[in-house]
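This briefing covers helix packing and sheet arrangement. The model is shown first, and the points follow by topic.

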Amino acid sequence: MERIEKDYVFHRDLKKEYPIITHGAGSYLIDENGKKYLDACSGAVAANLGHGIPSIGEAMADQAKKAAFVHTMRFETKALHQLAETIGKMAPDHLNKVYFTTGGSEANESAMKLARQFHRDAGKPQKHIVIGRWQSYHGNTIGSLSAGGDVKRRHAYTPNLLNYAHVYSPYCHRCPFDRQHDDCLSNQNWTCVTDLERTILELGPENVSAFIAEPIVGSQQGAVPPPAGYFEKVRELCDQYEIILIIDEVMTGFGRTGTHFATEQIGITPDIITFGKGVSAGYAPLAGMIVHDRLIDGLIQNSDGKFIHGYTYSGHPVAVAAGLAALDIYKREAVLDNVIKQGDYLFNRLFELKQKHTYIADVRGRGLLIGIELVRDRELDLLFDPSEKAAEKLNGIAMDLGAVFYPGAGSIDGTKGEHLIVSPPLNVTKKEIDEILRILDESLRIFKSLERKGEVYEITK
């Protein structure tokens, strides 16, 4: 490889050195020195089929040779219609129209703007506030960041953010209201739901446009599922106060949790599902939203059929071709069956690891989206200080050993709480899971040894 004399890259972290990946093969990435990394987090929970799949690259190249770009204000392609049909048939009943973007941030921005226009054109122009949840993530555009609850990302841009409201995400393991899960369930009374209704009433239902939530909280809490019945209550509130319910499936969609969409597991029909990441298995920037028929009818009746919105690369033919090829593999290789089988195996193995290491306080998740909560001492419920960056350090050790995970911090209150997401490709094998667990086990052992010696692990990658 030609030596680079000067670095022109604006890195995510300008003080950090990154391995240079030259290629990938299945669940592995290989750097310029030949070192292999087992991708135990599918990149950013996006490379859902692993790496180096010829058929997806060939589909993209074939489309590029035919028509690499058309502007969807003037033209469309057959690939666009085929992928929209495929996704529409996978979605819950009455969600039949698919709008494409290039990333999850754009998808959620689009959904919030659609909710606003729907209300405005229906004669309710005052409905404009979006309610999100703390310790959630919906993207990095100003609108999606305003709705999200990622405290660290929000703080730098507080003066620029929209005046959106937030409620707590349900986190039964560390309930922000100090409730017990069994108590909530037996009384059918969730404080996290009554807090949402209180917020709606305080803002005035006539001012609230949408509520946005992840079905399983991903990067900000570490794969935390909701308590049974939570979303049914949320759906009832949204119906009662005429609020658009947006379910953010950017991370959970396309088989990650064992069903096409995690929405199938929470027992409701949203007004909008947003998606991304897995739709193209990470091979191209592709995302979007799936919209309920009643919103489409509203646009036709009240908006002359037009959504006042759009992106240059919406429905980009090459990206859409990647999506078609990826979804074909999901179906042809029965990926959902593998997610259920290997997800159960991975969860059980992680639970065994919890018994071995007191650093692990909780194992949670669905399918192949599993999180582990990291603490200094489980028996004492002693948390790591945020300055220690425990999850990042543990992942750094794992990378040295040849595996990469998805570390996170702030899961409890935006500052405290460390976690690691384990989310390998959906076609991962049992042998690869065993290797993931071997490396994680060894990483925890090394981490403990360094802690005992009072040594600091420097994060270099």
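In this predicted model, helix 2 and helix 12 cross with right-handed geometry. Helix 2 spans residues 54–66 and helix 12 spans residues 317–332.

**Helix 2 and helix 12**

- The angle between helix 2 and helix 12 is about 150°, and their axes lie 8 Å apart.
- Because angles over 145 degrees count as roughly antiparallel, helix 2 and helix 12 are roughly antiparallel to each other.
- On the helix 2 side, the contact is made by Ser 55, Ile 56, Ala 59, Met 60, Gln 63 and Ala 64.
- Helix 12 contributes Pro 317, Val 318, Ala 321, Ala 322, Ala 325, Ala 326 and Ile 329 to this contact.
- Sorted by class, the contact of helix 2 with helix 12 holds 11 nonpolar and two polar residues, with no charged residues.

**Helix 13 and helix 15**

- Helix 13 (residues 335–356) packs with helix 15 (residues 430–453) at an angle of about 20°, and the axes are 11 Å apart.
- That angle makes helix 13 roughly parallel to helix 15.
- The crossing of helix 13 and helix 15 is right-handed.
- From helix 13, the contact residues are Gln 342, Tyr 345, Leu 346, Arg 349, Leu 350, Leu 353 and Lys 356.
- From helix 15, they are Lys 430, Ile 433, Asp 434, Leu 437, Leu 440, Asp 441 and Leu 444.
- By class, the contact of helix 13 with helix 15 comprises eight nonpolar, one polar and five charged residues.

- An open sheet is formed by seven strands in the order 4-10-9-8-7-5-6, with mixed pairing.
- Strand 4 (95–101) and strand 6 (165–167) are at the edges and each has a single partner strand, so one side of each has no neighbour in the sheet.
- From one strand to the next, the twist averages 25°.
- Strand 5 (residues 129–133) and strand 7 (residues 208–213) run parallel and are joined by three bridges.
- Ile 129 stands opposite Val 208 of strand 7.

**Helix 3 on the sheet**

- Helix 3 (residues 78–90) packs on the sheet and touches strand 4, strand 9 (272–275) and strand 10 (287–292).
- The direction of helix 3 makes about 130° with that of strand 4.

Definitions and conventions. Residues numbered from 1 in each chain as written. Predicted model: local features only at pLDDT ≥ 70, side-chain atom pairs only at ≥ 80, totals over all residues. Heavy atoms only, no water. Axes fitted to C-alpha atoms, helices over the stretch in contact; angles between N-to-C directions. Helix = DSSP H or I, 4+ residues; strand = E, 2+ residues; numbered from the N terminus. Parallel < 35°, antiparallel > 145°, perpendicular 65-115°, else oblique. Left-handed = near helix turned anticlockwise from the far one by under 90°. Contact = heavy atoms within 4.5 Å. Nonpolar A, V, L, I, M, F, W, Y, C, P; charged D, E, K, R; others polar. Pairing = 2+ DSSP bridges.
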